[in-house]
Amino acid sequence: MDFTRRSVLKSGVGAAGIGAFAGCLSDPFEGASGEGGYAAFFALWDWANQIAGDEIDFENPVETGEMGHGWEPDGNLAPEIASSKVFIYFDTPEFSWAQDVVSDLERDYEGEVEIIDGLEGMGPHLIPFDGGDGDSLPEPDHDHEFDPDDVSRDRFDFYDLRSNDQLGYWHIDHWHGGVPDVPVDDSVPIGAVFRDNRERVVPLGPNEPFQFDARLAEGAPEDVLEVESHGDSVALIGYETGETEIVFQLRHDGEIVYETDEAPMSVEVVDEIDDDGASEFHDPHVWADPVLAQRVVDTIADGLAEVDPDNADLFAENADEYKERLADVDRQFEELTENAAREVAVFVAHDSFQYVERRYDFELHTPVGVTPDAAESLDDVADMIDVVEEHGIDTILYDPFETPDDEELPSAARMLLENSSATDAEPLSPAEGTTHAWAEQDWGWVEQMEEVNIPSLEKALGVEE
């Protein structure tokens, strides 16, 4: 029998013996030379296998029917994961068990397993736990026709649209704050908020009378950065490292009515962002967003290329092919919301879709926040009933991983159906795990979105056939 370090560790050797075996078996290995790999929850496991193909087989330690977020392993997983080539996880306190595993690997198995943090480089895109409500973009006033002379030139606010965090504001002839560094071959979307003399927010966009725009300042280096205009925002696209200056503009029917040429803003393009990733203050559910998921896939592909350089090209090709499938899911979400009758639905679960809601501009009213262990109160249920009645909702949504078993709805969902005009409940999966039924059909992340989430959201948001 061809015993491997991994097969020995999985063959029933008691925990008391694992340390000794791990020590003996670690001698022949240098660096990530174990077998296969581990990914910390369903979405990462699916993406890792899609990218690795037949070259690396990944395992998901989270049991079918369970979520990785808030999960706790039985016993110590570190020795088992130490027998593999690579461990993929999210470095956030919301996956504290995975952080503990990484700490054990770094302390007891230094250099034996490659660690990939799927949130690496994601910092600017992360949503604060409080949703950033204090500084988030205010809603424009679409019920008013604005005169260009009434729009304030003394002050406007500008935002990083990756997180909707306010970056600063323009005050008469100078800036407070600035735009973040722009990575080479990447972009930073910037939005702005202009108000009139009655503090009403001016709608901006390609189909609105007013547009937000920017240009390179006179005499500024032109080979560092490109400005791409979208009407309601501008994208700063990094070409090569260096510094340049930009001028923001407000246009009315295409004509410039104001620009900040008195004080051009400096922008630096850098090779890479010094990013600490997620913290305890950020929502980790980026994997539910098909656009941010593409960034995670790239991070995994880059990490696997370091684990197995001989197959780096294969991993890059597989990642590109899979990102096309994610982009198609993105297009389906866009089409869904374009055809929706309402922008509000009720999701009887923890708030795991903030990134999706923000990207596609709809709202899922949830009884509790981001943490999956939080329990709803009767007041929370009463609030959901009010939302159902106010918006004429007939289909509510529930998380299939928060049901007592496969046959029942969560108790709060049953209470909502019994005490409101809603008549139907459909599942909405945050793709943190898989069910036995979905696993039998070999459904991955894409299939959960296409077969479960998009049809359920179509009903909940009133998409017409």
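**Notebook: charges, contacts and backbone**

I began with glutamate 199, which counts as exposed at 57% relative accessibility. I note at the outset that this is a predicted model, so I read each entry below as a description of that model.

I then looked up where glutamate 199 sits, and found it in the loop between strand S9 (187-193) and strand S10 (210-216).

Which residue forms a salt bridge with glutamate 199? I found arginine 195 as the partner, with the closest N and O atoms 3.7 Å apart. Arginine 195 itself counts as partly exposed, its relative accessibility being 21%, whereas glutamate 199 is exposed.

I next checked for another positive phi, and aspartate 253 has one, near 50°, in a residue other than glycine. I placed aspartate 253 in the loop between strand S13 (242-252) and strand S14 (255-259), and I recorded that it counts as exposed at 56% relative accessibility.

I turned to the salt bridges as a group, and the count comes to 17. One of them joins aspartate 160 to arginine 162, where the closest N and O atoms are 2.8 Å apart. Is aspartate 160 buried or exposed? I noted that aspartate 160 counts as buried, because its relative accessibility is 4% and the cut-off for buried is under 20%. Arginine 162 also counts as buried, at 13% relative accessibility.

I looked up a further salt bridge, in which the side chains of aspartate 289 and arginine 359 meet at 2.8 Å, N to O. What does this pair tie together? Aspartate 289 lies in the loop between strand S15 (265-270) and helix H6 (290-307), while arginine 359 belongs to helix H8 (residues 354-360), so the pair ties together parts that are 70 residues apart in sequence. I also compared how the two partners are covered, and I found aspartate 289 buried, with a relative accessible area of 1%, but arginine 359 partly exposed, with a relative accessible area of 35%.

I went back to the residues around glutamate 199 in the list of salt bridges, where shared partners join Arg155, Asp157, Arg195 and Glu199 into one network.

I then examined histidine 285, which is found in the loop between S15 and H6, and aspartate 289 is placed in the loop between those elements as well. Histidine 285 is buried, with a relative accessible area of 0%. With which side chain does the side chain of histidine 285 make a polar contact? I identified histidine 350 as the partner, at 3.3 Å.

My last entry concerns the surface, where Glu114, Glu120, Asp271, Glu272, Asp302 and Glu306 gather in a patch of negative charge.

How values were computed:
Residues are numbered from 1 along each chain as its sequence is written. This is a predicted model: local features need pLDDT of at least 70, side-chain atom pairs count only at pLDDT 80 or more; totals for chains, interfaces and linings use all residues. Side-chain values use heavy atoms; hydrogens and water are left out. Patches are made of residues with over 30% relative accessible area and no salt bridge: like charges are joined within 9 Å, nonpolar side chains (Val, Leu, Ile, Met, Phe, Trp, Tyr) within 5 Å. Accessible areas come from the Shrake-Rupley method with a 1.4 Å probe; for residues, only the protein chains shown count as cover. A salt bridge is a side-chain nitrogen of Lys or Arg within 4 Å of a carboxyl oxygen of Asp or Glu. Lys and Arg count as positive and Asp and Glu as negative; His and the chain ends are not counted. The place of a charge is taken as NZ of Lys, CZ of Arg, CG of Asp or CD of Glu. Buried means under 20% relative accessible area, exposed over 50%, partly exposed in between (1.4 Å probe, protein chains only). Helices (H or I, at least four residues) and strands (E, at least two) are DSSP runs, numbered from the N terminus. A polar contact is a pair of N or O atoms within 3.5 Å; within protein, one must be able to donate a hydrogen and the other to accept it, and residues adjacent in sequence count only if both atoms are side-chain atoms.
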